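Hi everyone, thanks for coming along. Today I'd like to walk you through one protein model, piece by piece. Please have a look at it first.

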Amino acid sequence: MDVQEAYARAVDAILEREVDLVIHSGDVFDSVRPATHVIIGFLKQTARITARANIPYLVAAGNHETPRLRTTTAALEYSNLVNAYSAHGFEIDYEPIEVGDITVGVTLVPHGAVANAGAVTPERDADINILVTHGLVPNLEARQHEMGEANLHSGMLEGAFDYIALGHYHDFHQHKENSFYSGATERFSFGEVESRPGFAIVEFDGGGVSVEHVPIESRAMIDLPKISAREIDASELTEEIRKRTENADLDGAIVRLRIYDVRRGVASGVDRDLLRDLQRRCLNFSLEIHAEESPETTNGGPATAVFGPLQEEFAAFVKERRAKGDLEKVFAEEFLEKGRGYLARAASEEPGGVS
Ligand SMILES: [Mn+2]
């Protein structure tokens, strides 16, 4: 299964619904420089909407695909080649779209423009006004925080738009009467086990608006039988992990393996090649290490550690620099703690091609 199939399935479903306009509210790509096959996959699927079905398609860039430097070209600019309209810079953009005899005014506030966007107001000349932006709305308890995400200030969301299309949060979620997160077309980690991937169909009818979430088929999510690691050492734990994973169909899946009652020092000795191979095969392989004896004692709280080869490598790097005297103790500890947090967060969002 390919990581881009979710987007293709969404396009299938969108074309079935005979829509007049398609809006993508950001994070088309997971990075500023996505792999070539990811760009081509996006262009091919998007062209089915734009070039072949002749449906207008507009997108406001998200945090993942927005360059940090204004001089860097965003891959999203390729979308113009297939007649999609993308706002991926640092300014608010406005694009009027003619649908039959009405004008739909689409105001796009890409991630790069969010910080400096004051109040945003609808265009008087348009019959229907839509605002598209990307970030977290106030008071949203996000389960999945990401690096570089922006908070959307309420002033920007108070304009009299007929509809506000929000991106960033992966669940379908209503913010206010006329503002929704459409949700992602795919789940990216176990934190999203409850999410139902899909998109939103928005209908305007005589001043009113109705919004429907359309779920699409999603990638396999596998929770492997948990391991109790009392009395076992690192090589025995490696064997247990191997046993749990060798006959499971993990390719391209989102997989979690929880290990309880792990003694100090055992987890770091698990075979790295095995973990690397699992991370390569799975879209996301989450190995949760718990010092507690059982899931019950953790009260469903966050894992005490989510570790992978990269985090081990980082810890080893800090330790080595510390030993050489390059880093002061307090700084090294803080550096290690912050770095681990970033890596854990990055690992949970890393692989998603099209979201
Ligand atoms: Mn985002």
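**A walk through the model**

Let's begin inside: of the 355 residues in the protein chain, 37% count as buried. Buried here means that 20 or more other C-beta atoms lie within 10 Å of the residue's own; exposed means 12 or fewer, partly exposed is in between, and the C-beta atoms are placed from the backbone.

Before going further, two notes on the model. This is a predicted model, so local features need a pLDDT of at least 70 and side-chain atom pairs count only at pLDDT 80 or more, while totals for chains, interfaces and linings use all residues. Residues are numbered from 1 along each chain as its sequence is written.

Now the parts list. The protein chain has eight helices and 16 strands. These are DSSP runs numbered from the N terminus, with at least four residues (H or I) for a helix and at least two (E) for a strand.

On to the strands. Six of them form an open sheet with mixed pairing, in the order β4-β5-β6-β7-β9-β8. At the edges stand β4 (93-99) and β8 (173-176), each with a single partner strand, so one side of each has no neighbour in the sheet. Neighbouring strands in this sheet are turned by 20 degrees against each other on average, direction ignored. For pairing, DSSP has to find at least two bridges between two strands.

Look at β6, residues 128-134, and β7, residues 163-167: they pair in the parallel sense over five bridges. Here V132 stands opposite A165 in β7. A hairpin of two residues links β8 to β9, and Q174 stands opposite F180 in β9.

There is also an open sheet of three strands, in the order β1-β2-β3, with parallel pairing. Its edge strands are β1 (22-24) and β3 (85-87), each pairing on one side only. Neighbouring strands are turned by 15 degrees against each other on average here, direction ignored. Three bridges join β2 to β3, and V59 stands opposite S86 in β3.

In soluble globular proteins, nonpolar side chains tend to be buried together. What do we find here? The largest nonpolar core has 51 residues, of which V109, I130 and V132 touch the most other members. Its largest share, five residues, comes from helix α1 (residues 5-16). A nonpolar core is a set of buried Ala, Val, Leu, Ile, Met, Phe, Trp, Tyr and Cys residues joined through C-beta atoms within 7 Å.

We have met V132 already. Not counting residues up to four places away in sequence, V132 touches I23, S25, L58, A60, V106, L108 and A165. A second, separate core of 17 residues includes I254, L257, C282 and L283.

**Two helices side by side**

Back to α1. The axes of α1 and helix α2 (residues 36-52) come within 10 Å and cross at roughly 0 degrees. That makes α1 roughly parallel to α2, a label for angles under 35 degrees; over 145 is roughly antiparallel, 65 to 115 roughly perpendicular, and the rest oblique. The axes are lines fitted to C-alpha atoms, for helices over the stretch in contact, and angles run from 0 to 180 degrees between N-to-C directions. On the α1 side, the contact is made by Y7, A8, V11, I14 and L15, and on the α2 side by F42, Q45, R48 and I49.

**Two loop residues**

Finally, two residues with a positive phi. N54 has phi near 60 degrees, a positive value in a residue other than glycine. N54 sits in the loop between α2 and β2 (57-60). Is N54 buried or exposed? With 8 other C-beta atoms within 10 Å, N54 is exposed.

H168, in the loop between β7 and β8, has phi near 120 degrees, again positive in a residue other than glycine. H168 counts as buried, with 26 C-beta neighbours inside 10 Å.

How values were computed:
Contact = placed C-beta atoms within 7 Å.
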